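Please look through the structure below.

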Amino acid sequence: MSAAKLRAIAVAIACLSPAVAFATNGYFSHGYGMKAKGMAGVGIALPVDGLAPATNPAGIAFLGNRLDLGLDMFRPNRGGEITGNNGVPAFGVPSLDGQYNGNGIAGFLIPELGYTRQLGERMALGLAIYGNGGMNSTYNQSPFTMMGGPSPAGVDLNQLFVSPTFAMKLGENHALGVSVNFAYQQFEAVGLQPFGGFGLSSDPTRLTNNGIDTATGWGMRIGWTGRLSNTITMGATYQSKTRMSKFEQYAGLFAGQGQFDIPANYGIGIAADMGSGITLAADIQHIKYSDIAAIANPLSNMNLGARLGDGNGPGFGWRDMTVFKLGVSVEASSRLTFRGGYSHGRQPIPAGETFFNMLAPGVMEDHITVGATWKLDSGNELTFAFMHAFRKDVRGSNSIPPNFGGGEANLHMTQNSLGIAYGIKF
């Protein structure tokens, strides 16, 4: 694979990736790389393709030379309802009660690229380009129409990571790795004009309907992979908070005048060779949503005089999320491998924060996955993965502030994705 061809492929992936939006574990993907996605996202102790740096950069020390190209077709079903709302009679606002469908945009494409090359027996370089996470809601009939808001209403957040990676073996069975993460994100909000009135935003002109804004930033991920025996491998990884430039056009929406950093996350994993071509693997991942003001600040901060866009301005009220993942792979033959997996984590939105989260209903908790890889005559690989996230409903509890008429906002979401990847060994 020539450097010129690799650059051309990377540019193509980078151009496509900002067009994606998805939400599984909060707003992070359930996994990275099609093989890992077929096993519920496990990969901290089980590097299997060129997307390994997205989970644990140390893994590329054991992969050899390869290029992996993938495309996931993702379809979420999201929406909500408002009940028991009294409106705001003083401002002529009737009840907001009703059912609301957030599927104005139904499906998304998520491309990915991973490349690894060995440098002698102990060192390896890699490059991973992938959608780190995202969130989209598009309500053709806005939940905020009765407050004077236009339709459609919603938000669109996309995050792309470009991660050059270096890994080194320490002896035959252990490796350390580091990825430098360049992050690029896009954001757009529409139909949020009601939140700019009555002094609710620090800058109503930079609250909504300002087109697509972009932000960039840097962070890093470090990792260790260790083969403890012929059958047991363990791994650990940590990704720093990625400090981003501000969304200047949405300085009146996000806390900190448009600041929207990407949270730190870390995890541990174990993989066990059970014999007869069967491998079991498990990961535990923790995502620090509570460290990001725009994500974690509660809507109730508005009751304390904070405005949207202020340093302590209201956000989505998300809490941290811990995800448990379990996967299995079975080599049915020298050419065919089957995979499956299940993951669970408590969704990050408290019952008292559902009103604002109609824009960002990242409530998924349980995923089940299946996948398979077929080895071609050339030695290259064709991989498929399917994911279903079971429907999750979150019922509000004192979720709509009295100044918005009280009542409850209830959220729901379910998801499906189907992906394909082509792996080239060289």
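**From surface to core**

Phe-386 has its place in strand E15; helices (H or I, at least four residues) and strands (E, at least two) are DSSP runs, numbered from the N terminus. The model is predicted, so local features need pLDDT of at least 70 and side-chain atom pairs count only at pLDDT 80 or more, while totals for chains, interfaces and linings use all residues. Residues are numbered from 1 along each chain as its sequence is written, and side-chain values use heavy atoms, with hydrogens and water left out.

Phe-386 is partly exposed, because its relative accessible area is 34%; buried means under 20% relative accessible area, exposed over 50%, and partly exposed in between (1.4 Å probe, protein chains only). Together with Leu-71, Met-73, Leu-109, Val-370, Phe-384, Leu-418 and Ile-420, Phe-386 makes a nonpolar surface patch of about 660 Å². Patches are made of residues with over 30% relative accessible area and no salt bridge, where like charges are joined within 9 Å and nonpolar side chains (Val, Leu, Ile, Met, Phe, Trp, Tyr) within 5 Å. Accessible areas come from the Shrake-Rupley method with a 1.4 Å probe, and for residues only the protein chains shown count as cover. Strand E1 (66–83), strand E15 (381–394) and strand E16 (408–425) each supply at least two residues of this patch.

Which residues touch the most other members of the largest nonpolar core? Of its 65 residues, they are Tyr-27, Phe-187, Phe-195, Leu-253, Phe-254, Trp-318 and Phe-355. A nonpolar core is a set of buried Ala, Val, Leu, Ile, Met, Phe, Trp, Tyr and Cys residues joined through side-chain atoms within 4.5 Å. Strand E4 (residues 123–139) gives the most to this core, with four residues. A second, separate core has nine residues, among them Ala-61, Phe-62, Leu-63 and Ala-167. Phe-195 is in contact (heavy atoms within 4.5 Å) with Phe-144, Leu-200, Ser-201, Leu-207, Leu-308, Phe-355, Phe-356 and Phe-404, leaving aside neighbours within four places in sequence.

The structure holds 24 aromatic pairs. Rings of Phe, Tyr and Trp (its six-membered ring) pair if their centres lie within 6.5 Å; planes under 30 degrees apart count as stacked, over 60 as edge-to-face and the rest as tilted. Phe-187 and Phe-247 form a tilted pair, at 5.7 Å centre to centre and 40° between the planes. Phe-187 lies in strand E6 (residues 174–190) and Phe-247 in the loop between strand E9 (243–244) and helix H3 (255–258), so this pair ties together parts that are 60 residues apart in sequence. Both Phe-187 and Phe-247 are buried. Another pair, Phe-355 and Phe-404, counts as tilted because the ring centres are 5.6 Å apart and the planes are at 50°. Phe-355 is in the loop between strand E13 (336–345) and strand E14 (366–375) and Phe-404 in the loop between E15 and E16, so parts 49 residues apart in sequence are tied together. Phe-355 is buried, with a relative accessible area of 1%, and Phe-404 is buried at 6%. Phe-187 and Phe-247 also belong to one aromatic cluster, which includes Tyr-27, Phe-28, Tyr-250 and Trp-318.

Last come the charged pairs. Side chains of opposite charge can pair when their charged atoms come close. A search of the whole structure finds 15 salt bridges, each defined as a side-chain nitrogen of Lys or Arg within 4 Å of a carboxyl oxygen of Asp or Glu. Asp-72 forms one with Lys-37, the closest N and O atoms being 2.9 Å apart. Asp-72 lies in strand E1 and Lys-37 in helix H2 (residues 34–37), so the pair ties together parts that are 35 residues apart in sequence. Are Asp-72 and Lys-37 buried or exposed? Both are buried.

The side chains of Glu-172 and Arg-122 meet in a salt bridge at 3.9 Å, N to O. Glu-172 counts as exposed because its relative accessibility is 52%, and Arg-122 counts as partly exposed at 41%. Arg-335 forms a salt bridge with Asp-377, the closest N and O atoms being 2.1 Å apart. This pair links distant parts of the chain, with Arg-335 in the loop between strand E12 (321–331) and E13 and Asp-377 in the loop between E14 and E15, 42 residues apart. Salt bridges that share partners also join Lys-35, Arg-66, Asp-68, Glu-381 and Lys-425 into one network.
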